[in-house]
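Please read the following report alongside the sequence and the coordinates.

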Amino acid sequence: RLSGISTSSLSDAARNLQPEWPAVQTLGAGINPLHKVDMGTHLMGFAFTVKCAENNYGGLVHALQHITKDSVDPQNLVICVDTCGSPKAVAGSLLSTEFHRLGINGLVVDGNIRDVAGVRRVGDGATSFPVYSRGVNPTAGTGDQPGQIQVPITMGDEKITINNGDVILGDDDGIVVVNLVQRTECLREYEQISLLSSLLDEAKRIENRDDAILEQISKGKALLDCL
């Protein structure tokens, strides 16, 4: 059900359902999709967290080795990278292409990447590989330090914590993190399902309302008269 819901609607739904859903957070305006907006970028999956050493992409190599050698199912994974504020690029077309080949859903970097043209060519159309980053830098770091994988990391303008396994949802507006580990670790399974369903129901209600308003505006009705 998450796949059809926008990040804006999910964020609004979490706000409306406070305090039940304090664990739905956004990464903020600093981390944006690399692909052109008109492509309709969409990303969804579970976080595979990576913490790189300063100016070092070895953490991503470590993640790749772990996924390929330890029989980790790459399906539905989103690689989320904390670069510790490093200015040098930690990923580019090579890693993006390999992650896409493995079936990983996307890459989110709180830092810089490079090879922009090559990254944008990874996959095509419905099979494109979504990449989000804080910026670009043609200078790459080194790869001699393994960093850490599958540990809590800090990302975004508000320095939110992302746990391995959190739900990541992205589109042209940015990234939303649903911190299921933090929010539901003390709840029974049926309570987790009920809470998540209520969140998705509220997000869908918001989208239906907005669609109805847009339809009225397209027919000539003023926005303020629709509210």
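Which residues of the largest nonpolar core touch the most other members?

## Basis of the model

The model is predicted, so local features are described only where pLDDT is at least 70 and side-chain atom pairs count only at pLDDT 80 or more, while totals for chains, interfaces and linings use all residues. Residues are numbered from 1 along each chain as its sequence is written, and side-chain values use heavy atoms, with hydrogens and water left out.

The protein chain has an average pLDDT (the predictor's confidence in each residue, from 0 to 100) of 86, and 86% of the residues score at least 70. Helices (H or I, at least four residues) and strands (E, at least two) are DSSP runs, numbered from the N terminus. Among these elements, the highest mean pLDDT, 97, belongs to strand β4 (residues 77-82), and the lowest, 56, to helix α5 (residues 180-184). Where pLDDT is low, the predicted coordinates should not be read in detail.

## The nonpolar cores

The residues that touch the most other members are Phe48, Val50, Leu60, Ile79, Val81, Phe99 and Leu107, within a largest core of 25 residues. A nonpolar core is here a set of buried Ala, Val, Leu, Ile, Met, Phe, Trp, Tyr and Cys residues joined through side-chain atoms within 4.5 Å; buried means under 20% relative accessible area, exposed over 50%, and partly exposed in between, with a 1.4 Å probe and protein chains only. Two or more residues each are given to this core by β3 (43-51), α2 (58-69), β4, α3 (93-102) and β5 (106-113), and the largest share, 4 residues, comes from α2. A second, separate core of 15 residues includes Val108, Tyr132, Ile162 and Ile175.

Leu107 is in contact (heavy atoms within 4.5 Å) with Leu60, Ile79, Val81, Ala91, Ser96, Phe99, Phe129, Pro130, Val131 and Tyr132, when its neighbours within four places in sequence are left aside. In α3, the buried residues are Ser93, Leu95, Ser96, Phe99 and Leu102, and the buried residues of this helix pack against α2, β4, β5, α4 (116-120) and β6 (131-136). Just after α3, Gly103 takes a positive phi of about 95°.

## Strand β11 and its partners

Strand β11 (residues 174-178) is mostly covered, with 5 of its 5 residues buried. Strands are said to pair if DSSP finds at least two bridges between them. On this basis β11 pairs with strand β1 (residues 24-26) in the antiparallel sense over 3 bridges, and Val24 stands opposite Val178 in β11.

Strand β10 (residues 167-171) also runs antiparallel to β11, joined to it by 5 bridges, and β10 and β11 form a hairpin with 2 residues between them. In β11, Gly174 is the residue opposite Asp171.

Asp166 is found in the loop between β9 (160-162) and β10, and counts as buried because its relative accessibility is 0%. A polar atom of the Asp166 side chain lies 2.8 Å from the backbone nitrogen of Asn163, which is within the limit for a polar contact (a pair of N or O atoms within 3.5 Å; within protein, one must be able to donate a hydrogen and the other to accept it, and residues adjacent in sequence count only if both atoms are side-chain atoms).

Glu207, placed in helix α6 (residues 189-218), likewise counts as buried, because its relative accessibility is 13%. Not counting residues up to four places away in sequence, Glu207 touches Gly4, Ile5, Ser6 and Ser9. Glu207 and Ser6 are 201 residues apart in sequence, yet their C-alpha atoms are 8.3 Å apart in space, and the backbone nitrogen of Ser6 lies 2.8 Å from a polar atom of the Glu207 side chain.

## Positive phi angles and cysteines

Asn76, in the loop between α2 and β4, has a positive phi of about 70° although it is not a glycine, and counts as partly exposed at 43% relative accessibility. Cys84, in the loop between β4 and α3, has a positive phi of about 60° and is not a glycine either; with a relative accessible area of 41%, Cys84 is partly exposed.

Cys80, by contrast, is buried, with a relative accessible area of 1%. A search of the whole structure for disulfides (pairs of cysteine sulfur atoms within 2.5 Å) finds 0. For Cys84, the closest cysteine sulfur is that of Cys52, and the separation of 7.7 Å is too far for a bond.
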